Amino acid sequence: TAARRVSAHVRQLHESVRGTYIGADGDRHSYCANDPELTEWVHLAFTDAFLRSHQRWGGEIPGGADAYVREWAVAGELMGVPAPPRSEAELDARLRSFDDRLTSRATALHHYRGLNSRALPTTERVSAAARLVGMGTGPSFVCSSPNRSKRAWGSESTTAANRAR
């Protein structure tokens, strides 16, 4: 099917995406975009970001959140995620399992703060959003994610502003 072909193409492109990063443990680690743990994290983060954004701004989801997560599980399987979550509760639990492994970095924080700066022209805020997406994260994830993730981004003030709306 077309979905299988596109997923295989994306996995092939990911083979050349390699590098190193400093983990939450402070050590340097090598990675490939197809590493199972990274593929799982991206799948979980995307599913959560799109689900939370839709819940916040898009209205009712046909079949509810569990149906949405089940549909995204198919995409996860096509990308090689082993046993992707099939309910909102499973999604939340799997995301929590990453809490001790995640860390924020100054570059990402700089772009996130630029995204939220009302002093910047819209074109510069869009550019900041694009850079965040290029770093494997996205503004909807930060704006709609649980408070523990927002704290890691230093965005508790955004959380308070959203509650006041």
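Glu90 counts as partly exposed, at 38% relative accessibility; buried means under 20% relative accessible area, exposed over 50%, and partly exposed in between, with a 1.4 Å probe and protein chains only. Glu90 is found in helix H4. Helices here are DSSP runs of H or I with at least four residues, strands are runs of E with at least two, and both are numbered from the N terminus.

Leaving aside neighbours within four places in sequence, Glu90 is in contact with Pro84 and Pro85, where contact means heavy atoms within 4.5 Å. Glu90 and Asp66 are 24 residues apart in sequence, and their C-alpha atoms are 9.3 Å apart in space.

## Basis of the model

This is a predicted model, in which local features need pLDDT of at least 70 and side-chain atom pairs count only at pLDDT 80 or more, while totals for chains, interfaces and linings use all residues. Residues are numbered from 1 along each chain as its sequence is written, and side-chain values use heavy atoms, with hydrogens and water left out.

## Overall make-up

The protein has nine helices and two strands. From the N terminus on, the order of elements is α-β-β-α-α-α-α-α-α-α-α.

Of the 165 residues, 34% count as buried. Among contacts with a separation of 6 or more, 47% join residues 24 or more positions apart.

## The strand pair

Strand E1 (residues 18–22) pairs with strand E2 (residues 28–32) in the antiparallel sense over five bridges; two strands pair if DSSP finds at least two bridges between them. Tyr21 has His29 in E2 as its bridge partner. The hairpin has five residues between the strands, and Gly26 in this hairpin takes a positive phi near 85°.

## Helices H2 and H3

Helix H2 (residues 36–58) packs with helix H3 (residues 64–78) at an angle of about 150°, and their axes are 10 Å apart. Axes are lines fitted to C-alpha atoms, for helices over the stretch in contact, and angles run from 0 to 180 degrees between N-to-C directions.

On the H2 side, the contact includes His43, Phe50 and Leu51; on the H3 side, it includes Tyr68, Val69 and Trp72.

Ala83 is found in the loop between H3 and helix H4 (88–96). Ala83 has a positive phi of about 45° although it is not a glycine. Ala83 is exposed, with a relative accessible area of 61%.
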